[in-house]
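Colleague: Could you walk me through this model? I have some questions ready.

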Amino acid sequence: MLAACELLKVQLQSDRFIRVAQQKRYSQSAVEGLLFPASEPARNIVSELEATIRARLVERSPEFRAKPDSYYLPMPRVRRIGFAENVDASEIGDTPLSLIDCFCSEKRIVLRLPRSYPSQSLGWSLAYSLIRQQIGGKVVLPYVLDGDQLIPPQNGLARALPDGMVDADRNQYKLVLIIEEPPFHSKSRLNFIAQQINAVDALVVIITKSEDSVAEADNFFKQNGFQEYQIAPISFTETAFFLEKAFDMTPHEAEAVAIRLDDTFRKFKLDAHPTYFASIQEETIAAIINANKRAELIQFAVTSLLTLVVAADKARPPLSRTTRETFLRRAALAEIKNGARLSELGLLELASQFIEERMFPNSATEFLTPFFDMGILYRSNGVIFFSHPYLESYLIAQALREDAQLAVSVFDPTSPTFNYYAFDLYCELGPDPAVVEAVILFANGVVDHAKVEYAGAHIYDGTEQKLAALSSTKQLRGLTEGLLSRASKMEDDRPDENLRSEKQRILDAKRYVGGEVKNLIQPEPVSLPVEIQQEFTVLDDLARALSLVSTAVGAGSESLSGQTKITLANLVLQIGHHFSNIWTRNRLRFDFGRMRNDLLSDENIWRMVDEFGAEKTQFEAIKNDLQLFIHGFELNAMAEPMGRVLWRVSSAAGVKVLLPVLESITPRTQVEAIIRSSWTIEIDAEKGKESFKKSLGDYSGVPMMRVVLASHLLWRVFWHHYKSVNSRHFVNSARRALRPIGMAPSDSRIEHVKKGADTAS
């Protein structure tokens with residue numbers, strides 16, 4: 001009996017089992033003794049509605065046709081739009097919510113979309129997800145309505161909804177109305193819609209891109225109790241769950257791939273809508289894992305967009321997706337050659353030439369209209385823009401493959417408007433040797449300049465007294481206090497159920513802070529001494545060179561020759577050496593001593609005691625806490641340059657196929673050897689750990705390097721290798737880095753943690 005109960009418990013935790021059980025419930029007649037007895041009306045309402053939703057999704061997303069009935073689509077989140085008159089300031093910028101969470105507090109929601117969002121399938125995607133969930137213990141009955149089809153007096157909800165849905169048992173079902181683009185230009189029709197939704201017990205979602213009739217729309221929302229939200233990206237958590245269900249991945253495998261997808265979407269500004277995920281194939285996932293290939297992901301999004309354009313083309317005969325992509329590529333190429341955006345007239349002339357050249361029966365205006373209707377192109381002051389940055393980058397990368405001479409001109413490493421996103425895709429698709437040679441030439445020049453200006457040894461080699469004093473063992477303990485427990489937890493065999501939500505929290509906080517920083521007013525430029533300005537110029541050049549060479553060798557890992565990859569990999573090490581050295585020296589120009597003296601003065605501490613309302617006996621405690629904070633700030637500021645180099649190399653060029661390349665290069669300095677060994681661990685942890693062990697054995701510089709390495713390796717585990725077969729090599733290497741300065745956890749402590757006796761973080 002106990003075994004049977006355990007089996008039932010496991011089955012009830014399986015989404016697939018629940019799905020099959022629900023299907024049984026909705027497809028069988030009410031017969032005494034059935035496990036899931038159901039009435040005839042339940043079968044009709046739910047199963048037929050689900051079939052309708054699926055049919056609509058297939059129309060809008062052909063890739064969805066081959067998916068099983070149980071296929072999972074990730075649902076985007078929403079973020080509340082704050083207005084001064086009705087939202088507390090603390091609520092603005094809240095973490096995005098799922099639609100289900102919103103319905104816990106709201107009955108009516110407006111979901112605002114940017115014009116560029118591919119929304120044609122969004123309403124049906126939301127319905128597809130909602131029908132598989134419950135709200136308040138009730139089965140959700142979602143239905144999507146075209147706002148233009150709600151016309152008084154006859155075409156109301158009674159006609160728009162399937163028979164039985166309006167009168168469905170409200171004790172068992174929760175009706176959700178998803179209304180797409182109501183006619184905000186018509187006051188009478190808005191009043192009719194208001195009457196209809198007020199007469200029905202239903203949750204309501206209005207989806208709109210409309211930027212017209214603002215006053216009418218605002219009045220409608222306020223008078224009918226709508227709360228406004230804006231679409232937010234599909235979360236890391238949802239993406240990971242999708243990968244688990246669609247590709248039978250373990251939770252940790254899914255998280256490792258999900259963060260790569262999330263990074264790609266964020267980097268290329270790709271709005272990954274729900275049906276986009278139906279395009280992702282198992283081969284694509286394998287390419288992301290093994291070679292960090294992203295071009296195919298971008299291509300899926302481009303294909304999806306242009307499929308919508310074809311569907312919206314009212315001309316007869318409609319032109320194919322590939323024809324439209326060819327034209328857009330020509331438009332992107334024209335912009336590059338002209339050095340400026342196309343004007344409306346220029347775009348029209350280009351379309352006319354294209355149609356005449358191919359003898360199409362369509363007019364230029366007919367041909368261009370769907371691009372604007374679908375939000376792919378937009379006009380502003382007579383100038384044409386691409387709405388999607390990833391689309392433009394992809395088109396440029398594809399177009400420049402056909403014109404090597406132009407590619408060399410566009411990808412000029414010294415250009416202030418260099419398109420890094422197009423360059424990334426271009427390298428992956430197969431760059432012309434002349435383009436890569438120009439990058440190598442630029443990087444060599446930057447390295448030569450750095451050697452002349454900063455001819456001494458690296459600041460980490462231990463001869464720099466100021467850095468050595470700052471990174472003493474005593475000071476470093478404050479920064480590395482959390483590394484020991486983090487390393488132990490990484491090896492803990494017990495499942496960490498909160499890890500995924502913790503990663504999501506970090507990603508949300510990072511994006512929120514990033515958005516807030518962009519909104520800050522830029523300070524007035526400060527007049528700096530000439531030598532400092534020159535130093536920043538060198539740093540800018542090194543930063544650009546590091547980005548270009550690491551991108552070239554990583555994205556081009558399967559398209560470049562072996563010798564070219566060796567040259568680029570050597571440059572990665574050299575630039576990483578000089579960049580971390582000069583940037584760290586630049587940070588040392590800040591007068592930490594003066595800051596410390598000012599903040600730790602008795603006058604300042606007493607002022608803090610007063611502000612905190614603390615007892616006078618707390619004076620020393622507050623001073624000690626502030627001292628620890630200052631030390632942490634100093635050390636983080638000084639550790640950031642090397643940490644940034646290690647992360648950049650690992651994330652851009654941590655490609656498995658590069659292992660023979662790294663084994664073929666010889667580092668020139670201790671710092672280069674450490675960069676190479678941490679890079680090798682990312683590519684092949686088994687071999688990399690030996691390289692890392694040797695480079696640490698040869699290292700005789702300041703202890704701060706060891707802390708930077710340990711922190712870097714543990715963060716790579718947290719985001720990309722958690723509970724994988726390689727994670728132990730990362731954790732053991734981090735422990736090895738700390739051991740010489742007395743910070744590595746003892747074997748007894750590790751055993752203590754594994755047994756669950758110590759879970760302190």
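Predicted model: local features only at pLDDT ≥ 70, side-chain atom pairs only at ≥ 80, totals over all residues.

Colleague: Thanks! What percentage of the residues of the protein chain count as buried?

Modeller: Helices (H or I, at least four residues) and strands (E, at least two) are DSSP runs, numbered from the N terminus, and the protein chain has 34 helices and 9 strands. Buried means under 20% relative accessible area, exposed over 50% and partly exposed in between, with a 1.4 Å probe and protein chains only. Of the 761 residues, the buried share is 49%.

Colleague: And how many aromatic pairs does a search of the whole structure find?

Modeller: Rings of Phe, Tyr and Trp (its six-membered ring) pair if their centres lie within 6.5 Å; planes under 30 degrees apart count as stacked, over 60 as edge-to-face and the rest as tilted. By that rule, the search of the whole structure gives 28.

Colleague: What is the angle between the planes of Phe418 and Phe423?

Modeller: Phe418 and Phe423 are each buried. They form an edge-to-face pair with 5.4 Å from centre to centre, and the angle between the planes is 65 degrees.

Colleague: Which ring does Arg324 lie over?

Modeller: Arg324 belongs to helix 13 (residues 321-338) and is buried, with a relative accessible area of 0%. Contact means heavy atoms within 4.5 Å; leaving out residues up to four places away in sequence, Arg324 touches Val309, Val310, Asp313, Leu319, Phe367, Pro370 and Phe371. A charge sits over a ring if NZ of Lys or CZ of Arg is within 6 Å of the ring centre and within 35 degrees of the ring normal. At 5.0 Å from the ring centre, Arg324 lies over the face of Phe371.

Colleague: How far is the charged end of Arg379 from the centre of the ring of Phe372?

Modeller: Here the charged end of Arg379 is placed over the ring of Phe372. The distance to the ring centre is 3.8 Å.

Colleague: On to helix packing: how is helix 24 oriented relative to helix 25?

Modeller: Axes are lines fitted to C-alpha atoms, for helices over the stretch in contact, and angles run from 0 to 180 degrees between N-to-C directions. The axes of helix 24 (residues 530-555) and helix 25 (residues 562-587) come within 9 Å and cross at roughly 150 degrees. Angles under 35 degrees count as roughly parallel, over 145 as roughly antiparallel, 65 to 115 as roughly perpendicular and the rest as oblique. Helix 24 is therefore, relative to helix 25, roughly antiparallel.

Colleague: Is the crossing of helix 16 and helix 18 left-handed or right-handed?

Modeller: The axes of helix 16 (residues 389-400) and helix 18 (residues 420-429) come within 8 Å and cross at roughly 45 degrees, which makes helix 16 oblique to helix 18. A crossing is left-handed if the near helix is turned anticlockwise from the far one by less than a right angle, and right-handed if clockwise. This crossing is right-handed.

Colleague: Does Asp248 count as buried or exposed?

Modeller: Asp248 is in the loop between helix 9 (236-247) and helix 10 (251-267). Its phi is near 55 degrees, a positive value in a residue other than glycine. With 70% relative accessibility, Asp248 counts as exposed.

Colleague: Last one: what separates the C-alpha atoms of Tyr699 and Asp461?

Modeller: Tyr699 lies in the loop between helix 31 (685-698) and helix 32 (704-721), and at 6% relative accessibility it counts as buried. Tyr699 and Asp461 are 238 residues apart along the chain, yet their C-alpha atoms are separated by 8.2 Å.

Methods. Residues numbered from 1 in each chain as written. Heavy atoms only, no water.
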